[in-house]
Amino acid sequence: MSRLVLLGPPGAGKGTQARLLEAQFGALHIATGDLLRTHLSEHTPLGSEAESFMDRGLLVPDALIVRMVEAEIGSATSFILDGFPRTIAQALFLDTMLLAKQTPLDAVFFFACDRKELISRLTGRWTNPRTGRSYHTMYDAPRVHGVDDDDGGALIQRPDDTPAVVERRLQTYDSETLPLVEFYEKRSLLVRIDALRPIDEVTGEITAVLSTRRKTGVR
Ligand code: AP5
């Protein structure tokens, strides 16, 4: 059983790792960005409210996000949170919710990555809008350019991956999300990961940490 948070700046590789870990651990992958994009494409009221924030590289208001996450976690006891929490208010909400269920977090993996690399990853990213799977033109290219290896569907570039919106997303991350590093450090949950390394090495580091913690009984 694993209850994990993947924390880090846009483009650090949270979604890429969450998909690999989900397959490995059978935990439910909850990606708030993917959930919001599904709402957008289905033209739900939540999608309409979220769109203008996402387009501008701003965070969607906490009240909308926490309702969505609560419904998504439901009765699951094993999950990987990707892109949530992103504010102290969201983290406090999560604490309260998990305390009530007596299912505390096991670890918060912080993906440390430098800015130049983040910009290169985001501007070279191609995504399957139906499944959320990401590729990269240089680091993780699909077998055929613009086509998903898994389902053969067309890949797109996300509208918020333009240089101007990426810059804004990084600023939003610094002001709203970075304080969560200290928040989880104080709770002894934070595990720092070098996200500059290749994809398989990052997965290896995370699984090694989890396996050591299981063997030693450390939460
Ligand atoms: P969201 O979709 O969550 O975007 P994000 O956090 O900005 O993260 P990304 O998906 O851009 O990056 P990632 O870290 O998952 O990187 P990836 O694995 O794809 O959120 C979008 C918007 O929704 C937000 O701006 C906000 O408006 C709203 N929102 C979402 N959650 C919210 C919340 N909780 N509260 C309020 N608003 C919220 O990798 C990136 C690229 O790099 C890929 O091309 C990949 O192939 C490549 N790559 C990955 N790892 C490596 C590696 N190790 N080496 C080389 N290349 C790599």
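**Figure 1. Thr207 and its setting in helix α9.** Thr207 lies in helix α9. In this predicted model, the relative accessible area of Thr207 is 16%, so Thr207 is buried, given that buried means under 20%. Between the C-alpha atoms of Thr207 and Gly74 the distance in space is 25 Å, and the two residues are 133 residues apart in sequence.

**Figure 2. The two sides of helix α9.** Helix α9 comprises residues 199-216, which makes 18 residues. From its first C-alpha to its last the helix reaches 26 Å, close to the 26 Å expected at 1.5 Å a residue. Which residues of α9 are buried? They are Val202, Thr203, Ile206, Thr207, Leu210 and Arg213. These residues cover an arc of only 125 degrees around the axis, and therefore they are on the same side of α9. Asp200, Lys215 and Thr216, on the other side of α9, are exposed.

Figure 3. Helix α7 is formed by residues 163-177. Its 15 residues should span 21 Å at 1.5 Å a residue, and the distance of 20 Å between its end C-alpha atoms agrees with this. The buried residues of α7 are Val165, Val166, Arg169, Leu170, Thr172, Tyr173 and Thr177. Because they cover an arc of only 160 degrees around the axis, they are on the same side of α7. On the other side of α7, the exposed residues are Pro163, Ala164 and Ser175.

**Figure 4. The residues around the ligand.** The ligand is surrounded by 36 residues, and the closest are Thr16, Leu58, Arg86, Arg125 and Arg169. By class, this shell has 16 nonpolar, ten polar and ten charged residues. Which element gives the most to the shell around the ligand? It is α2, with four residues.

Figure 5. In the side chain of Arg86, an N or O atom is 2.5 Å from an oxygen atom of the ligand. For Thr32, the ligand atom is a nitrogen, 2.8 Å from an N or O atom in the side chain of Thr32. Taken alone the ligand exposes 1,000 Å², and the protein buries 96% of that. The elements α1 (14-25), α2 (32-41), α6 (115-123) and β6 (134-136) are those that give two or more residues to the shell around the ligand.

**Figure 6. Arg121 in helix α6.** Arg121 has its place in helix α6. Is Arg121 buried or exposed? Its relative accessibility is 15%, so Arg121 counts as buried. A polar atom of the Arg121 side chain lies 3.0 Å from the backbone oxygen of Ala12.

Figure 7. Pro85 is found in the loop between β3 (79-82) and α5 (88-101). The peptide bond that leads from Phe84 to Pro85 is cis, and its omega is near -5 degrees.

Figure 8. His43 is not a glycine, although it has a positive phi of about 55 degrees. His43 is placed in the loop between α2 and α3 (45-55), and at 68% relative accessibility it counts as exposed. Gln102, a residue other than glycine, has a positive phi near 55 degrees. The loop between α5 and β4 (107-112) holds Gln102. With a relative accessible area of 70%, Gln102 is exposed.

Technical notes
Residues numbered from 1 in each chain as written. Predicted model: local features only at pLDDT ≥ 70, side-chain atom pairs only at ≥ 80, totals over all residues. Heavy atoms only, no water. Near = heavy atom within 4 Å. Polar contact = N/O pair within 3.5 Å; in protein donor to acceptor, adjacent residues only side chain to side chain. Areas by Shrake-Rupley, 256 points an atom, 1.4 Å probe, with all protein chains shown as cover. Nonpolar A, V, L, I, M, F, W, Y, C, P; charged D, E, K, R; others polar. Expected span 1.5 Å × (residues − 1). Buried < 20%, exposed > 50% of the residue type's maximum accessible area, 1.4 Å probe, protein only. Arc of directions from axis to C-beta.
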